Amino acid sequence: MTTSPQTKNSLDARSSPLRRSRLVSVFMYVERIKKQHDLQTYREVLAFSRGEHVERDTIEGRRERTMRPWIKGVRTSVRILVGAAVGGASGFGLCMLAMLLA
């Protein structure tokens, strides 16, 4: 059975909220595990998920544990804003390029 491009796109659009809800639920699960087991860095999370000994006395781990919570919030907010600006600028640039080529 073949589907037309229009049907395929409409199916993708309907499954998108389901994919997003799965991603959010996985993210919440990982954050809960991180909080329960005091995991701060990717290396610690990876070691925990593999069942290995978690080495918490690393430079990155100490830096993350001693950082004040408001600094983490500001750092995350800045990353989100920069990402949104870069995404918006690249989308605008691609749109302008498409208009010039059309």
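Author: K34 counts as partly exposed because its relative accessibility is 22%, where partly exposed lies between buried, under 20% relative accessible area, and exposed, over 50% (1.4 Å probe, protein chains only). This is a predicted model, in which local features need pLDDT of at least 70 and side-chain atom pairs count only at pLDDT 80 or more, while totals for chains, interfaces and linings use all residues. Residues are numbered from 1 along each chain as its sequence is written, and side-chain values use heavy atoms, with hydrogens and water left out.

The partner of K34 is E31, and the closest N and O atoms of this salt bridge are 3.4 Å apart; the term stands for a side-chain nitrogen of Lys or Arg within 4 Å of a carboxyl oxygen of Asp or Glu. Side chains of opposite charge can pair when their charged atoms come close. E31 and K34 are three residues apart in helix α1 (residues 5–36), so about one helical turn separates them; helices here are DSSP runs (H or I, at least four residues; strands are E, at least two), numbered from the N terminus. E31 is also partly exposed, because its relative accessibility is 32%.

By this rule there are three salt bridges in total. Another of them joins R62 to D57, with 3.6 Å between the closest N and O atoms. Here R62, at 44% relative accessibility, counts as partly exposed, whereas D57, at 52%, counts as exposed.

In the remaining pair, the side chains of R75 and E64 meet at 3.2 Å, N to O. E64 counts as buried because its relative accessibility is 15%, while R75, at 28%, is partly exposed.

To place these pairs in the whole, the protein chain has four helices and zero strands, and its elements run α-α-α-α from the N terminus on. Of the 102 residues in the protein chain, 10% are buried. Among contacts with a separation of 6 or more, 13% come from residues 24 or more positions apart, a contact being heavy atoms within 4.5 Å.
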